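Good morning, colleagues. Please have the sequence and the structure open before you.

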Amino acid sequence: MAAQHPLARELAAYAENGVILDTETTGLGSSDEVIEIAVIDTIGNILLNTTVKPSRPYGDDNEAAAVHGIRYNELLDAPSWPQVQEQLIDIAAERPILIYNADFDIRLMQQSAVLNGCARAEYRAGCMMKLYSQWYAVRHHETPRRHRLVQAAADCGVHVTSAHRALADCLTTLGVFRYMLDNSSHLTVDNDYQARNRRTNTDANPHGHLYGHTVVFTGDLSRPRPEIQQIAADAGCRCTANVSPKTTILVLGATDLSAVKNGISSKERRARELQAAGHPIQILNEAEFMHLLGG
């Protein structure tokens, strides 16, 4: 008898006690901040919905403002990030958070804390975009790929209003989540899924010729990511999920250009920022990395 799929169990766990969060920001870079945040529960109750006054002003020509429409003069009486973070901690301290593209929102929330002179908070955050990618791939028997929120909403029949405002995007994410939850009970683990997702030993081989390198992957690869991570580990690489100053190699897979800003993923953008700051990060495509591995 086939077992229930792990995605179905994970969705059910979020439905029990999770919350959904979204932010709007001054931009995408290392000096940008959160200027709006919303949190709702998985029933749709609004737990937090506020604008946030940034630590520095920005002009009406701000590129992000052209998307979400939030002008600096609308934020003059808004609470600061330290005040908002205190409310957020009270709401989500013991609850898992779902965020569509969690890596971005969490990074900007942490930046906002630093730029406003308060301690960074730790959050139990899961990425709804990754969950949807996996869920969609299982249902359609295809390789996981990135989906923009509006694409996911269209696929799930969720009506989108006021896109690119925090509360509206929370409600859109909730609609996608509820559709996934309602259509996950039949998902089961077949032998093919188990073979593709079998655990491997990805500890860095201390005798490998690339020992000491820390590798991050972004985008869709030609083989299952665990397989390439195993090859990298055998060559001595340590594989991590996010780009940091410790990263030495970023491997670029195929990217859905409609889903990223200016044709560049958030991981690649972060790597190039670190390169500009003097960190020796190599940015390679998959073929170049496989050549470096010797395969």
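**Side-chain interactions in a predicted model**

Let me begin with Ser184, which is located in the loop between helix H7 (166-182) and strand E7 (188-189). Helices (H or I, at least four residues) and strands (E, at least two) are DSSP runs, numbered from the N terminus.

Before going further, a note on the basis of these values. This is a predicted model, in which local features need pLDDT of at least 70 and side-chain atom pairs count only at pLDDT 80 or more, while totals for chains, interfaces and linings use all residues. Residues are numbered from 1 along each chain as its sequence is written, and side-chain values use heavy atoms, with hydrogens and water left out.

Is Ser184 buried or exposed? Ser184 has a relative accessible area of 2%, and is therefore buried. On this scale, buried means under 20% relative accessible area, exposed means over 50%, and partly exposed lies in between, with a 1.4 Å probe and protein chains only. Apart from neighbours within four places in sequence, Ser184 is in contact (heavy atoms within 4.5 Å) with Ala8, Leu11 and Trp135. With Trp135 there is also a side-chain to side-chain polar contact of 2.8 Å. A polar contact is a pair of N or O atoms within 3.5 Å; within protein, one must be able to donate a hydrogen and the other to accept it, and residues adjacent in sequence count only if both atoms are side-chain atoms.

Asn285 has 35% relative accessibility and so counts as partly exposed. Which backbone nitrogen lies 2.7 Å from a polar atom of the Asn285 side chain? That nitrogen belongs to Glu288. The backbone nitrogen of Ala287 lies 3.1 Å from a polar atom of this side chain. Setting aside residues up to four places away in sequence, Asn285 touches Val251 and Leu252. The C-alpha atoms of Asn285 and Leu252 are separated by 4.7 Å, although these residues are 33 apart along the chain.

Now to the charged pairs. How many salt bridges does a search of the whole structure find? The search finds 5, a salt bridge being a side-chain nitrogen of Lys or Arg within 4 Å of a carboxyl oxygen of Asp or Glu. One of them joins the side chains of Glu36 and Arg165, at 2.7 Å from N to O. Glu36 is in strand E3 (residues 34-41) and Arg165 is in the loop between helix H6 (149-156) and H7, so the pair ties together parts that are 129 residues apart in sequence. Glu36 counts as buried, at 5% relative accessibility, whereas Arg165, at 28%, counts as partly exposed.

Helix H10 (residues 266-276) contains Arg272 and Glu268; because they are 4 residues apart, about one helical turn separates them. Their side chains form a salt bridge of 2.9 Å, N to O. Arg272 is partly exposed at 39% relative accessibility, and Glu268 is buried at 13%. Glu273 and Arg270 also lie in helix H10, 3 residues apart, about one turn of the helix. The salt bridge between their side chains is 3.8 Å, N to O. Glu273 is partly exposed, with a relative accessible area of 23%, as is Arg270 at 25%.

Finally, the aromatic residues. A pair of aromatic rings is described by the distance of the centres and the angle of the planes. Rings of Phe, Tyr and Trp (its six-membered ring) pair if their centres lie within 6.5 Å; planes under 30 degrees apart count as stacked, over 60 as edge-to-face and the rest as tilted. By this rule, there are 5 aromatic pairs. For Tyr132 and Tyr136, the ring centres are 5.9 Å apart and the planes are at 45 degrees, so the pair is tilted. Both residues lie in helix H5 (residues 128-140), 4 residues apart, about one turn of the helix. Tyr132 is buried at 0% relative accessibility, and Tyr136 is buried with a relative accessible area of 12%.

Phe217 and Phe289 form an edge-to-face pair, 5.7 Å centre to centre with 80 degrees between the planes. This pair links distant parts of the chain, 72 residues apart: Phe217 in strand E8 (residues 214-218) and Phe289 in helix H11 (residues 286-293). Phe217 is buried at 2% relative accessibility, and Phe289 is buried at 0%.

I close by returning to Trp135, the polar partner of Ser184: Tyr132, Trp135, Tyr136 and Tyr179 form one aromatic cluster.
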